[in-house]
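The sequence and the structure are shown below.

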Amino acid sequence: QQLAFDATMASVRGHILKVQVELRALNLGTAKAEIDLINEILGKTKTSSSEEEKRAIGEVQGALRKAKEEMDTNLPAAINRIDLLWHDISRLIRRS
């Protein structure tokens, strides 16, 4: 179960990298679609995760939701939030 969680988080980290690239290229529609895909992956993972993992997934989903909302109003803040999330996922993978 732990290996599956780590593999999913590594996959999510790769998708977050795609979001970073799309945001810097100003492809907001593609970045939002990628965030939706990440949320879908996390939702599926959440059902078979431990309580601690569910909490971490919930925090990631909340940050993704805020970044998606900020894309239309404050792009630099959205980029910063996604960058921070990428580092947080890295820390989460190392910790588990």
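## Helices H1 and H3

At what angle do helix H1 and helix H3 pack, and how far apart are their axes? In this predicted model, H1, spanning residues 2-24, packs against H3, spanning residues 51-73, at an angle of about 10°. Their axes lie 13 Å apart. Because angles under 35 degrees count as roughly parallel, H1 is roughly parallel to H3.

On the H1 side, the residues that meet H3 are Gln 2, Phe 5, Met 9, Val 19 and Leu 23. Their partners in H3 are Glu 53, Ile 57 and Met 71. Sorted by class, this contact of H1 with H3 comprises 6 nonpolar, 1 polar and 1 charged residues.

## Helices H1 and H2

H1 and H2 pack at an angle of about 170°, and their axes are 8 Å apart. Angles over 145 degrees count as roughly antiparallel, so H1 is roughly antiparallel to H2. The residues of H1 that make this contact include Val 12, His 15, Ile 16 and Lys 18; those of H2 include Leu 28, Glu 34, Ile 41 and Thr 45. By class, the contact of H1 with H2 has 13 nonpolar, 4 polar and 3 charged residues.

The loop between H1 and H2 contains Leu 26. This residue has a positive phi of about 65°, although it is not a glycine. In general, most residues other than glycine have a negative phi. Leu 26 is exposed, with a relative accessible area of 57%.

## The nonpolar core

The largest nonpolar core has 24 residues. Among these, Val 19, Leu 23, Leu 42, Leu 64 and Ile 82 touch the most other members. H1, H2 (28-46), H3 and H4 (75-95) each supply at least two residues of this core.

Which residues does Leu 64 touch, not counting residues up to four places away in sequence? With that exclusion, Leu 64 touches Ile 35, Ile 38, Asn 39, Leu 42, Ile 82 and Leu 85.

H3 has 23 residues and reaches 34 Å from its first C-alpha to its last. That span is close to the 33 Å expected at 1.5 Å a residue.

Technical notes: Residues are numbered from 1 along each chain as its sequence is written. This is a predicted model: local features need pLDDT of at least 70, side-chain atom pairs count only at pLDDT 80 or more; totals for chains, interfaces and linings use all residues. Side-chain values use heavy atoms; hydrogens and water are left out. Axes are lines fitted to C-alpha atoms, for helices over the stretch in contact, and angles run from 0 to 180 degrees between N-to-C directions. Helices (H or I, at least four residues) and strands (E, at least two) are DSSP runs, numbered from the N terminus. Angles under 35 degrees count as roughly parallel, over 145 as roughly antiparallel, 65 to 115 as roughly perpendicular and the rest as oblique. Contact means heavy atoms within 4.5 Å. Ala, Val, Leu, Ile, Met, Phe, Trp, Tyr, Cys and Pro count as nonpolar, Asp, Glu, Lys and Arg as charged, and the others, Gly among them, as polar. A nonpolar core is a set of buried Ala, Val, Leu, Ile, Met, Phe, Trp, Tyr and Cys residues joined through side-chain atoms within 4.5 Å. Buried means under 20% relative accessible area, exposed over 50%, partly exposed in between (1.4 Å probe, protein chains only). The expected span of a helix is 1.5 Å times one less than its number of residues.
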